[in-house]
Amino acid sequence: MGPVFWKTAALLVLSNVFMTFAWYAHLKNLDGRPWMIAVLVSWGIAFFEYLIQVPANRIGFTQMNLGQLKILQEVITLSVFVPFAVFYMHQPLKLDYLWAALCIMGAVFFVFRSAT
């Protein structure tokens, strides 16, 4: 795994933080507001996610295939979501997250096994 992989992964982690807040933070912070306000705030946050995610995928696609980019994104999504859910949204840590991570690691094995 060279510099392209790590640059792509780092940018996807950052974009995923924005995406996770765009998708879920309104449930905590704007629950008393009309849903249209939540949509507008989420779109504003998602704009920054796209400013990072699009270059990340373009960089990654120079050395990874589409399936590898997607599975990398899913690993990162779960890695960002679990701490967000537990620490920001105060949801209980569930063993189901571990089982989901193990399933995703299986996907990582199959998608990346022929990449050398």
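1. His90 sits in the loop that joins α3 to α4 (95-112). Its phi is near 60°, a positive value in a residue that is not glycine. His90 counts as exposed, because its relative accessibility is 58%. The cut-offs are these: buried means under 20% relative accessible area, exposed means over 50%, and partly exposed lies in between, with a 1.4 Å probe and protein chains only.

2. This is a predicted model, in which local features need pLDDT of at least 70 and side-chain atom pairs count only at pLDDT 80 or more, while totals for chains, interfaces and linings use all residues. Residues are numbered from 1 along each chain as its sequence is written, and side-chain values use heavy atoms, with hydrogens and water left out.

3. The protein chain has four helices and zero strands. Read from the N terminus, the order of elements is α-α-α-α. Helices (H or I, at least four residues) and strands (E, at least two) are DSSP runs, numbered from the N terminus. Along the principal axes, the C-alpha atoms fill a box of roughly 50 × 35 × 20 Å.

4. Of the 116 residues in the protein chain, 31% are buried. The chain exposes about 7,800 Å², and carbon and sulfur atoms supply 73% of that area. Accessible areas come from the Shrake-Rupley method with a 1.4 Å probe; for residues, only the protein chains shown count as cover.

5. Which residues make up the largest nonpolar core? The nine are Phe5, Ala9, Leu12, Ala56, Met64, Leu69, Leu72, Ile76 and Val80. The largest share, four residues, comes from α3. Apart from this core lies another of six residues, including Leu78, Val82, Ala85 and Val86. A nonpolar core is a set of buried Ala, Val, Leu, Ile, Met, Phe, Trp, Tyr and Cys residues joined through side-chain atoms within 4.5 Å.

6. Leu69, a member of the largest core, touches Thr8, Asn57, Gly60, Phe61 and Met64, leaving aside residues up to four places away in sequence. Contact here means heavy atoms within 4.5 Å. Among contacts between residues at least 6 apart in sequence, 77% join residues at least 24 apart.

7. The C-alpha atoms of Gln68 and Thr8 are separated by 11 Å, although the two residues are 60 apart along the chain.

8. The structure holds 11 aromatic pairs. Phe5 and Trp6 form one that is edge-to-face, with 5.0 Å centre to centre and 90° between the planes. Rings of Phe, Tyr and Trp (its six-membered ring) pair if their centres lie within 6.5 Å; planes under 30 degrees apart count as stacked, over 60 as edge-to-face and the rest as tilted. Phe5 is buried at 14% relative accessible area.

9. Phe21 and Phe84 form another edge-to-face pair, 5.0 Å centre to centre with 75° between the planes. This pair links distant parts of the chain, since Phe21 is in helix α1 and Phe84 in helix α3, 63 residues apart. Phe21 is partly exposed at 30% relative accessible area, whereas Phe84 is buried at 6%. Ring pairs also link Trp23, Tyr24, Phe81 and Tyr97 into a cluster.
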